[in-house]
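Student: Can we go through this one together? I'd like to start with the surface and then pick out a few residues.

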Amino acid sequence: MTLYGLKNCDTCRKVLKLLENANFIDVRSEGVPEETLKAAFEQFGAALANTRSTTWRNLSDEERAKPVLELLVEHPALMKRPLIEQGGVLYLGWDKATQAALI
């Protein structure tokens, strides 16, 4: 199981405590592998970008107009968190459905 997130994200820290066997990848320092990012975008679409984040608010209108996948490559912290991969299945966020599937 791999958890993609930010080391200073409260939700990611909480999830890491619950999923002790998860391999944590800090997207700000390590990024998300291209094939994983593409698969997540195919599954979740524009919901993969966190448009309520500080990173989003700091983008110019010109940058916001870029394709979501391009933005996520340039600004990995813009990704909604956590993105969890387990056995080829991707989960986005930490809602009740994700919790039920992983705990």
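Predicted model: local features only at pLDDT ≥ 70, side-chain atom pairs only at ≥ 80, totals over all residues.

Student: How much of the chain is buried?
Tutor: Buried residues account for 38% of the 103 residues.

Student: What radius of gyration does the chain have, against that of a compact globule?
Tutor: The chain has 13 Å, and a compact globule with 103 residues would have a radius near 13 Å, so the two agree. Along the principal axes, the C-alpha atoms fill a box of roughly 40 × 25 × 25 Å.

Student: Change of topic. How many helices and strands are there, and in what order do the elements run?
Tutor: There are 6 helices and 4 strands. Starting at the N terminus, the order is β-α-β-α-α-α-α-β-β-α.

Student: Of the contacts between residues at least 6 apart in sequence, what share joins residues at least 24 apart?
Tutor: That share is 47%.

Student: Now threonine 2. Where does it lie, and is it buried or exposed?
Tutor: Threonine 2 is in strand β1, residues 2-5. Its relative accessibility is 14%, and the cut-off for buried is under 20%, so threonine 2 counts as buried.

Student: Which residues is threonine 2 in contact with, leaving aside neighbours within four places in sequence?
Tutor: Threonine 2 is in contact with Asn23, Ile25, Leu83, Ile84 and Glu85.

Student: Where is serine 53, then?
Tutor: Serine 53 sits in the loop between α2 (34-44) and α3 (54-57).

Student: Buried or exposed, that serine 53?
Tutor: Serine 53 is buried, at a relative accessible area of 9%.

Student: What does the side chain of serine 53 reach?
Tutor: It reaches the backbone oxygen of asparagine 50, at 3.0 Å.

Student: Last one, glutamate 74. Which helix is it in, and why does it count as partly exposed?
Tutor: Glutamate 74 is in helix α5, which covers residues 68-74. Glutamate 74 counts as partly exposed because its relative accessibility is 38%, and that class lies between the 20% and 50% cut-offs.

Student: How far is the C-alpha atom of glutamate 74 from that of glycine 31?
Tutor: The separation is 9.6 Å, with glutamate 74 and glycine 31 lying 43 residues apart along the chain.

How values were computed: Residues numbered from 1 in each chain as written. Heavy atoms only, no water. Helix = DSSP H or I, 4+ residues; strand = E, 2+ residues; numbered from the N terminus. Buried < 20%, exposed > 50% of the residue type's maximum accessible area, 1.4 Å probe, protein only. Polar contact = N/O pair within 3.5 Å; in protein donor to acceptor, adjacent residues only side chain to side chain. Rg over C-alpha atoms; globule rule 2.2 N^0.38 Å. Contact = heavy atoms within 4.5 Å.
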